[in-house]
Amino acid sequence: MNQPDELGNPDQYGVVGHPVAHSWSPFIHGMFAKATAQNLVYRLFDVTPDDFRRDTLKLFASGVRGLNVTLPHKQAAAELVNELTARATRAQAVNTIAFFEDTTLLGDNTDGVGLTSDLERNLQVDLADKRLLILGAGGAVRGVLGPLLEREVREVVIANRTPVKAQQIAAEFADMGTVSGCAFSELRGPAYDLIINGTSASLQGEMPLLPAGIVGDTTVCYDMAYGRGQTPFTLWAKSLHAARATKGWGMLVEQAAESFLLWRGIRPNTQPALEVLAQNS
Ligand code: NDP
């Protein structure tokens, strides 16, 4: 890892996305830095897809040591870096980049471990032998699919607005379990055990049109999106009497802790951030 700045200036980190203003990552990394006595700043960088490659390389050239990558750049980030961790190679999507002194740009993906930590540790959801429905087929879904399939779930169905993308991801992960891709309109009951919304529709205040019968009173519904109040997805889940309707705050905090570990060599305790965000959401 890079040497500390001799003048005592804070090390620079941040998140690149478009849009990115909704991100709580600066707050979370600020809490982590304080708790672990790390001298760093973490900022938001709104970068359009056309400018992603140029602007991201400029940030590293200007001294930034690490970046999180959020929508819609995760797949572009996998192409930008010159080394990928095993889990990022599997996902072909990157949410964390570390810049090393030898100029290596290492791409990692902490979304999957972030989601499984939140589901299993924070929400006490047992994934083994469960039927999962994942909505969306973007960078975030690519990141979480491998870690979910490693839990020996019974089946994963991926449904997407653009079905061919869901089918492509399903084909890429077919060696890990029973996984298929389809359009929203092709979904049928019986009710799934767990439905994960990995679309960015909630950020636009929208909810894909889904057939009845896929939610039952034991279904856990998890929106990767987060924000204050209900999302269209959690409202939909509650209207169908799902056992639980949860937003992605826990995933956000847990994936951030894994990024922090890659950058600083310390995994912060996530409990204080989880508690603050639970009070504010
Ligand atoms: P991408 O831009 O890579 O993918 C977006 C996905 O959403 C695509 O599947 C797209 O479908 C679909 N989509 C977009 N708009 C709509 C709509 N109006 N109706 C139906 N489907 C739609 O984004 P990411 O995968 O990076 O992120 C997805 C979501 O997950 C975001 O809300 C993000 O904030 C959240 N997220 C949360 C994390 C957390 O820690 N809590 C971590 C990572 C992501 P199509 O293929 O047809 O374009």
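A backbone N or O atom of Met 224 lies 2.8 Å from a nitrogen atom of the ligand, a polar contact in the sense used here, that is, a pair of N or O atoms within 3.5 Å, where within protein one must be able to donate a hydrogen and the other to accept it, and residues adjacent in sequence count only if both atoms are side-chain atoms. Taken alone, the ligand exposes 930 Å², of which the protein buries 91%, with accessible areas coming from the Shrake-Rupley method with a 1.4 Å probe and, for residues, only the protein chains shown counting as cover.

Please keep in mind that this is a predicted model, in which local features need pLDDT of at least 70 and side-chain atom pairs count only at pLDDT 80 or more, while totals for chains, interfaces and linings use all residues. Residues are numbered from 1 along each chain as its sequence is written, and side-chain values use heavy atoms, with hydrogens and water left out.

Staying with the ligand, one of its oxygen atoms is 2.8 Å from an N or O atom in the side chain of Lys 165, and a nitrogen atom of the ligand is 3.0 Å from an N or O atom in the side chain of Gln 204. There are 28 residues around the ligand, and those that come nearest are Ala 140, Asn 160, Thr 162, Lys 165 and Glu 206; a residue is near a molecule if one of its heavy atoms lies within 4 Å of it.

Now to the loops. Thr 219 is found between strand S10 (194–197) and strand S11 (220–223), where helices (H or I, at least four residues) and strands (E, at least two) are DSSP runs numbered from the N terminus. Is Thr 219 buried or exposed? Thr 219 counts as buried because its relative accessibility is 0%, buried meaning under 20% relative accessible area, exposed over 50%, and partly exposed in between, with a 1.4 Å probe and protein chains only. The side chain of Thr 219 also reaches the backbone nitrogen of Gly 216 at 2.8 Å.

Finally, some backbone geometry, for which the background is that most residues other than glycine have a negative phi, and most peptide bonds are trans. The peptide bond from His 18 to Pro 19 is cis, with omega near 5°, and Pro 19 has its place in the loop between strand S1 (11–17) and helix H1 (25–36). Gln 124, although not a glycine, has a positive phi of about 55°, and Gln 124 counts as exposed because its relative accessibility is 64%.
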